[in-house]
Amino acid sequence: MLSHLLIKDLAIVSTLEVELAGGMTALTGETGAGKSIMIDALGLALGDRADPTMIRAGGERAEVVATFDLAACPDARAWLAEQALDDEDSCIVRRLLVREGRSRAFINGRAATAAQLGELGERLVDIHGQHAHQSLLRPAAQRTLLDDYGGHRDLAEQVAAAQRRWRGLAEQLHALQTAGAERAERLERLREQVEELAALALGDGELDELDREQRRLGSLGRLQETSAALLLRLSEGEPALGDELRHAAVALAELCAIDARLEETRELLESAAIQVGEAAANLRQYLDGLDVDPATVEAIEARLGQIHDLARKYRVFPQQLPETLDGWRGDLAALEDSEVRLEAIAEECSKARATFLALAERLSEARAAAAERLAATVSEAMQALGMAGGRFAVEVTRLAAEAGGAFGLDRVEFLVSANPGQPLQPLAKVASGGELSRISLAIQVAAAECAGVPILVFDEVDVGIGGGVAEVVGRLLRRLGAARQVLCVTHLPQVAAQAHRQLQVRKHSRRGQTFTDIAALDPDARVEEVARMLGGAEITDKTRAHAQEMLESAGLAS
C-alpha cells in the first residue's frame with residue numbers, strides 16, 4: 001500500500017505531501033488544477049523517464065518520495081530481498097531530478113537504477129488510463145492474470161520448474177551430442193596412446209638404471225685397461241706390490257725378535273699385504289666378468305631409444321612418461337564414462353520432457369476453463385460500464401512442445417469488442433483511452449480476489465460517460481478497493497461519491513506564481529466538493545442536498 005507521497009518542485013507543485021490509506025481514494029479538483037501530477041510523480045518514483053523540464057520553474061532540482069507499506073506485498077518484499085534492498089515491511093523510494101546532470105534514485109536509502117525502480121514498480125503499482133504501467137497490455141501479464149483468476153498458479157509454477165529441468169537436461173544432452181564426433185576421435189586417440197605407453201611398461205627407476213649401464217658400457221675400454229694395469233702392479237708385475245709387502249713383513253718379523261716395539265708395524269704390513277691380495281683378487285674377478293655380450297649393449301640402447309622416441313613423440317621428458325600415462329588413463333576413463341552418462345542423460349531428458357508435457361497439458365485445460373469464466377464475467381462488467389454489446393474473450397492458443405517455455409504450451413491473449421458489430425481484436429489495439437481504462441477496470445474487478453499488483457491507479461476512467469454508467473464505475477472501483485488500494489482521478493461526482501475518502505487538488509496563485517496543493521476532505525468538505533462537481537461555479541442548497549444524498553447512498557454520510 002502507498003502510505004505517503006512527498007513531491008517537491010515538480011511542475012507547478014512547490015511542496016505537496018499527502019498521507020494515504022487503503023480502500024478507494026478519489027482525487028478531484030478543477031480542470032487544470034493538476035490532478036494528474038500525483039500520478040506523474042508516482043510514475044517517476046517507479047522508474048518513468050526523468051525529464052529536467054519537469055522541474056518547477058526557477059528550481060534546480062525536484063524530488064519525489066513514495067513510502068509503501070509492504071505487509072501484504074510478498075512479491076515486492078521477495079524482490080527487495082533478492083536485490084539486498086529490503087527493510088522489513090516498509091519501502092521508501094526516492095527519485096531526484098536535477099536540471100544539470102543525471103537523475104538519481106534510491107530504494108530504502110541505497111542507490112538504485114531506473115531499471116530497478118521499474119522492476120519494483122511492476123510489483124507494486126498498475127496505472128490505468130493514458131499513462132504507463134498498463135501491465136494488462138502485455139501478453140505475459142495477461143497469462144499471469146488468467147492463472148491467478150483460475151487459481152492454478154501453483155500448477156503454473158510446477159510447469160515452469162518441469163520446463164527448466166527439461167531444458168537444462170536438453171542443453172547437457174545437446175552439448176554431449178555436439179561433441180560426439182570429437183569425443184569419438186579423442187577416445188580412439190587416447191586408447192592408442194594409453195596402449196602404447198602401457199606396452200612400454202617403464203618401471204620405477206628403470207630409466208636411471210639404464211642410463212648408468214649405458215655410461216658404464218661406453219667406458220668399457222678404459223675400465224679394462226686401468227684395471228689390468230692395477231692388477232699388474234698389485235700382484236702380477238715384477239716387482240709386485242703384494243710381494244714387496246710380504247717381504248717387508250718377513251724382514252720385520254726377524255727384527256721383532258730383537259725389538260718388540262716393531263711388532264705393530266709388522267702387523268700393519270702383513271695386514272696390508274693381505275688387503276692388497278684381496279684387492280688383486282677382486283680386480284681379477286672384475287676383469288674376468290668385464291667382457292660384455294654385444295647383444296646386451298644393443299638391447300640397452302634399443303630400450304633407451306624406445307623410451308626417448310616416445311618422449312619426443314608426446315613432447316614430454318622421458319622421466320615424465322609414467323605420469324603422462326596416468327593422466328591419459330584418467331582422461332580415457334572420463335570419456336568412456338561420458339558415453340554411459342550420455343545414455344543416462346538422454347533417458348532423463350526424455351522423462352523430463354514427458355513430465356513437462358503432462359503438467360503443461362493439465363495447465364492448458366485449466367486455462368481453457370478459466371478463460372471461459374473470465375470472458376463471461378468481464379463481458380458482463382463491460383456492458384454495465386456503458387459498452388452495450390461489448391464482448392471480451394480470452395484466446396488460449398496451443399503451441400508446439402519445442403515452442404513452449406516456462407509458461408507452458410499456451411499463448412494467452414485478451415480480445416475485446418467495445419461496440420456491437422465490431423470484431424474481436426487484441427486489447428493492445430483498443431484505440432480509445434477511456435475504453436481501455438474501463439475494460440481494464442472490468443478485468444481488474446473480475447480478478448479482484450486474485451493475488452496481484454496491490455495498488456491500482458485509474459486516471460480519468462470516466463471519460464465519455466455519465467449518469468448511471470458513472471455510478472456503476474464508482475461502485476466497481478469501490479468494490480475493487482475492498483481488495484486493493486485504489487487511487488482514482490475523476491471529474492464525475494457519481495464516481496467520487498463512491499470513494500472511501502477524497503482528496504481535493506487545488507491550484508492558486510501567489511506573488512505571480514502558480515501553486516498546486518492537496519487536501520484531505522472531511523465529511524462536510526466532501527459535500528461541498530461533490531456539490532461543486534455537480535453544479536459548477538454556483539453551489540446551491542439543492543446541489544448540496546443532492547451531494548449529501550449521493551454520499552449517504554454510498555454509505556459515507558457525515
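In strand S4, Thr-67 is the bridge partner of His-4. Strand S1 (residues 2–10) and S4 run antiparallel and are joined by six bridges; two strands are said to pair if DSSP finds at least two bridges between them. Helices (H or I, at least four residues) and strands (E, at least two) are DSSP runs, numbered from the N terminus. The model is predicted, so that local features need pLDDT of at least 70 and side-chain atom pairs count only at pLDDT 80 or more, whereas totals for chains, interfaces and linings use all residues. Residues are numbered from 1 along each chain as its sequence is written, and side-chain values use heavy atoms, with hydrogens and water left out.

Strand S4 spans residues 61–69 and is mostly covered, with seven of its nine residues buried. Here buried means under 20% relative accessible area, exposed means over 50%, and partly exposed lies in between (1.4 Å probe, protein chains only). Two of the residue pairs can be located directly: Arg-61 stands opposite Val-98 in S5, and Val-93 in S5 is the bridge partner of Ala-66. As a general rule, the side chains of a regular strand alternate between the two faces of the sheet.

From S5 the pairing continues to strand S6 (residues 104–107), in the antiparallel sense and over four bridges. Within this pair, Arg-95 stands opposite Ala-105 in S6. The hairpin of S5 and S6 has five residues between the strands, and Gly-101 in this hairpin takes a positive phi near 130 degrees.

Positive phi values also occur in residues other than glycine. Asp-9, located in strand S1, has a positive phi of about 50 degrees although it is not a glycine. With a relative accessible area of 27%, Asp-9 is classed as partly exposed. Ala-201 likewise has a positive phi, near 50 degrees, and lies in the loop between helix H6 (180–200) and helix H7 (206–218).

The loop between helix H1 (37–45) and S4 contains Gly-59. This glycine counts as buried because its relative accessibility is 13%. Gly-59 and Leu-10 are 49 residues apart along the chain, and their C-alpha atoms are separated by 9.0 Å.

The interior may be described through its nonpolar cores, a core being a set of buried Ala, Val, Leu, Ile, Met, Phe, Trp, Tyr and Cys residues joined through side-chain atoms within 4.5 Å. The largest has 47 residues, and those with the most contacts inside it are Leu-374, Phe-392, Phe-414, Leu-427, Leu-441, Ile-443 and Leu-477. Apart from this core lies another, of 46 residues, among them Leu-10, Ala-62, Cys-73 and Leu-117. For Leu-427, the contacts (heavy atoms within 4.5 Å) include Leu-136, Leu-137, Gln-142, Phe-414 and Ile-443, not counting residues up to four places away in sequence.

An open sheet of three strands has the order S9-S10-S11, with antiparallel pairing. Its edge strands are S9 (391–398) and S11 (425–426), each of which pairs on one side only. Strand S10 (residues 410–417) and S11 are joined by two bridges, and Leu-415 stands opposite Pro-426 in S11.

Helix H12 (residues 321–384) contains Glu-372. At 61% relative accessibility, Glu-372 is therefore classed as exposed. The C-alpha atoms of Glu-372 and Cys-73, 299 residues apart along the chain, are separated by 29 Å.

On a 1 Å grid over the protein atoms alone, a pocket is an open set of points where a 1.4 Å probe fits, with protein on both sides within 12 Å along at least five of seven lines; lining residues have an atom within 4 Å of a point. Grid points are joined across faces, edges and corners, and a volume is the space filled by probe spheres set on the points. The second largest pocket has a volume of about 310 Å³. Its lining includes Arg-143, Asp-147, Arg-153, Glu-157, Arg-164, Arg-367 and Phe-407. Helix H4 (139–150) and helix H5 (153–178) are the elements that give two or more residues to this lining, and H5 gives the most, with five residues. By class, the lining has five nonpolar, one polar and six charged residues, where Ala, Val, Leu, Ile, Met, Phe, Trp, Tyr, Cys and Pro count as nonpolar, Asp, Glu, Lys and Arg as charged, and the others, Gly among them, as polar.
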